[in-house]
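Let's take a walk through a protein model together, one stop at a time. Keep the picture in view as you read.

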Amino acid sequence: MDADELSAKLAPEAASTLMRAGSFLSAYELIKSEIVDKVHDFFWCGFQGGVHQYDERRYGDSVLALNPRSRYLASCAWLVDMRALTDRQVDTLEEIRKHRHEIAHELPKLLVDPEFEVRSDLLLAAVECVRCLGVFWGSIEAGINSDFDDVEVDYEGIKSGPYILMEYLVSIAGLGEELNIPSTAQEKDSAV
């Protein structure tokens, strides 16, 4: 790497590298919560003494048994069985997980190596995975919540909180046009 490449990488305008890195790290945490935490929460069975209770035996048999070494991968496998995700999406989620670790553990390299960039394709794929998970969890909520009785629900139109946050992360990472999301600057202009 020559001095000009390093200078360009560290220029104040290159703050987008850090924005994308932060967006990617945040996206992964959202995904992990949507997968690990919500799958575990699916086995919630009430309160006892003010403490949440879970059917840990059923959770272990239905989820953890699918991959005893990793709650994350076991939860992904369960979500595939439930048709919330596809095998291909789980493969992509594994790439996202690996790239997240690369970014988190090699942040200085990200700042100085012109060859090492945040993978925008994986950030955009993360948005689609979170959308699918939001539709899945939303459909379960609609199915058990009496407020939705006799209401026609557009399941594909569900936008969960994590999905809306993912749209925002993609927007601040400068990739909003890929999803037809107005940039924050465009939103301010249209609000005036």
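A residue is called buried when its relative accessible area is under 20%, exposed when that area is over 50%, and partly exposed in between, using a 1.4 Å probe and protein chains only. Helices (H or I, at least four residues) and strands (E, at least two) are DSSP runs, numbered from the N terminus. This is a predicted model, in which local features need pLDDT of at least 70 and side-chain atom pairs count only at pLDDT 80 or more, while totals for chains, interfaces and linings use all residues. Residues are numbered from 1 along each chain as its sequence is written, and side-chain values use heavy atoms, leaving out hydrogens and water.

Let's begin with helix α5. How far apart are its end C-alpha atoms? They are 27 Å apart, which agrees with the 27 Å that its 19 residues should span at 1.5 Å a residue; the expected span is 1.5 Å times one less than the number of residues. The buried residues of α5 include Val90, Leu93, Glu94 and Ile103.

Glu94 deserves a stop of its own. It lies in helix α5 and counts as buried because its relative accessibility is 17%. Its side chain makes a polar contact with the side chain of Arg97 at 2.5 Å. A polar contact is a pair of N or O atoms within 3.5 Å; within protein, one must be able to donate a hydrogen and the other to accept it, and residues adjacent in sequence count only if both atoms are side-chain atoms. Leaving aside residues up to four places away in sequence, Glu94 touches Tyr72 and Leu73, where contact means heavy atoms within 4.5 Å.

Next comes the interior. A nonpolar core is a set of buried Ala, Val, Leu, Ile, Met, Phe, Trp, Tyr and Cys residues joined through side-chain atoms within 4.5 Å. The largest one has 44 residues, and Ile35, Leu79 and Leu93 have the most contacts inside it. Helices α2, α4, α5, α7 and α8 each supply at least two residues of this core, and α7 gives the most, with eleven. Among the residues that Leu79 touches are Ile35, Leu133 and Trp137.

Now for the strands and a loop. Strands β1 (residues 44-48) and β2 (residues 51-54) pair in the antiparallel sense over four bridges; pairing requires that DSSP finds at least two bridges between them. Phe47 has His52 in β2 as its bridge partner. Finally, Arg83 sits in the loop between α4 and α5, and is exposed because its relative accessible area is 78%.
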